[in-house]
Amino acid sequence: MIIAIPNKGRLSEPSLELLREAGIRVESSERKLIVPTNNQRINILFARARDIPHYVANGSADVGITGYDMVVESGEDVKVLLKLGFGKAKLVIAVPMNSDVKAVEDLDGKRIATEFKNIAKRYFKEKGLNVKIVEVSGACENAPYIGIADAILDLTSTGTTLRVNNLRVVEEVLETEAVLIANRNVVNEFEVKALVTSIQGVLNAKGMMYLMMNIPADILDEVKRIVPGLKGPTVMKVENGNMLAVHVVVHEDRLFEILEKLKKIGARDILIIPIQRLIY
Ligand SMILES: Nc1ncnc2c1ncn2[C@@H]1O[C@H](COP(=O)(O)OP(=O)(O)OP(=O)(O)O)[C@@H](O)[C@H]1O
Ligand SMILES: O=P(O)(O)OC[C@H]1O[C@H](OP(=O)(O)OP(=O)(O)O)[C@H](O)[C@@H]1O
Ligand SMILES: [Mg+2]
């Protein structure tokens, strides 16, 4: 199986990291075209995020990681298998602060600079607006100031770039995040399914902790109220005395309040271990 992942840019490191967590490590550090992994049946194809939908659709790679925006822009017919939770951004239409444009409808007859010409064309066509698309390949925010466009269609996440360039959002067009995509002919293959299970297991486990503790048997009901767990806690008898060992999965965000409550009602020997994979 060949997995295409971005060779540069914002999605590159997080993609490698996610694969590492899912047990797939890239063997060679050189960024060759196709690189083997610790798994004999898996190779990595390093490519531009923008090209990955095409490579997956034509079978050069079986699966790939890229931005959902890139999938939509490419128009390729690939299967989106998983949302990956990183590379989150919004594709927005923005204009200079002092522009007269209040709503998208005011853009009729105007020029829009973007790296997303297909999405832009489709969007304005559906709205019945006649605009001129000015294609740029980056640093789109400059376009209104150098006089080549009246508005831009570009990605924003923290909003910093829009702010420092004195631009305001008129409309949100698309929400994007990194996705795992597959060629439609291979979605049912064992390796592809195994990859989905592995990555899903990693995503499910994010922030989840395995909590173990010893409790006096008579506080079990109270403990269950504090930590219900996935399907109720696992309860085991401790060999000596009237103690129980309780194991339960909790989200790390809840630990702050949970631990104090558990301690207060008599839980002790509390151990907390991060969970690497969680497959429901
Ligand atoms: N500000 C952002 N916040 C979060 N994700 C982003 C942001 N900008 C881009 N992305 C995501 O990362 C993907 C790749 O963007 P990136 O900037 O890394 O490469 P690029 O600009 O398309 O390529 P190039 O390196 O050729 O300029 C985008 O398609 C989008 O899905
Ligand atoms: O809301 P923010 O956090 O400021 O992010 C938005 C910026 O991020 C992306 O550019 P990138 O940094 O990838 O540079 P590029 O134009 O070279 O692709 C995007 O095109 C915006 O310019
Ligand atoms: Mg970019």
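Which elements each supply at least two residues of the shell around ligand 2? Select β9 (151-156) and α5 (160-164) and you have them. Helices (H or I, at least four residues) and strands (E, at least two) are DSSP runs, numbered from the N terminus.

Before you go on, some housekeeping. This is a predicted model, where local features need pLDDT of at least 70 and side-chain atom pairs count only at pLDDT 80 or more, while totals for chains, interfaces and linings use all residues. Residues are numbered from 1 along each chain as its sequence is written, chains are lettered from A and ligands numbered from 1 in the order in which they are written, and side-chain values use heavy atoms, with hydrogens and water left out.

**Stop one: ligand 2**

Show the residues around ligand 2 (a heavy atom within 4 Å). Among them are R10, G138, A139, E141, D154 and L155, and the list also includes the run from T156 to T161. β9 gives the most to this shell, with 3 residues. Colour the shell by class and you get 2 nonpolar, 7 polar and 3 charged residues. Here Ala, Val, Leu, Ile, Met, Phe, Trp, Tyr, Cys and Pro count as nonpolar, Asp, Glu, Lys and Arg as charged, and the others, Gly among them, as polar.

Now look at the polar contacts, meaning N or O pairs within 3.5 Å. The side chain of E141 puts an N or O atom 2.6 Å from an oxygen atom of ligand 2. For the side chain of R10, the distance to a ligand 2 oxygen is 2.8 Å, and a polar backbone atom of G159 is 2.8 Å from a ligand 2 oxygen. On its own, ligand 2 has 490 Å² of accessible area (Shrake-Rupley, 1.4 Å probe), and the protein covers 67% of it.

**Stop two: ligand 1**

Move to ligand 1. It has 13 residues around it, and the closest are R10, R48, D69, M70 and S157. The shell has 4 nonpolar, 5 polar and 4 charged residues.

Pick R10 again: this time a backbone N or O atom of R10 lies 2.8 Å from an oxygen of ligand 1. The R48 side chain has an N or O atom 2.8 Å from a ligand 1 oxygen, whereas the S157 side chain is 2.8 Å from a ligand 1 nitrogen. Taken alone, ligand 1 exposes 620 Å², and the protein buries 75% of that.

**Stop three: the pocket**

Where do the ligands sit? (A molecule sits in a pocket if more than half of its atoms lie within 2 Å of its grid points.) A pocket is an open set of points on a 1 Å grid over the protein atoms alone, where a 1.4 Å probe fits, with protein on both sides within 12 Å along at least five of seven lines; lining residues have an atom within 4 Å of a point.

Of 32 lining residues, R10, D69, M70, E115 and L155 lie nearest the centre.

Methods: A polar contact is a pair of N or O atoms within 3.5 Å; within protein, one must be able to donate a hydrogen and the other to accept it, and residues adjacent in sequence count only if both atoms are side-chain atoms.
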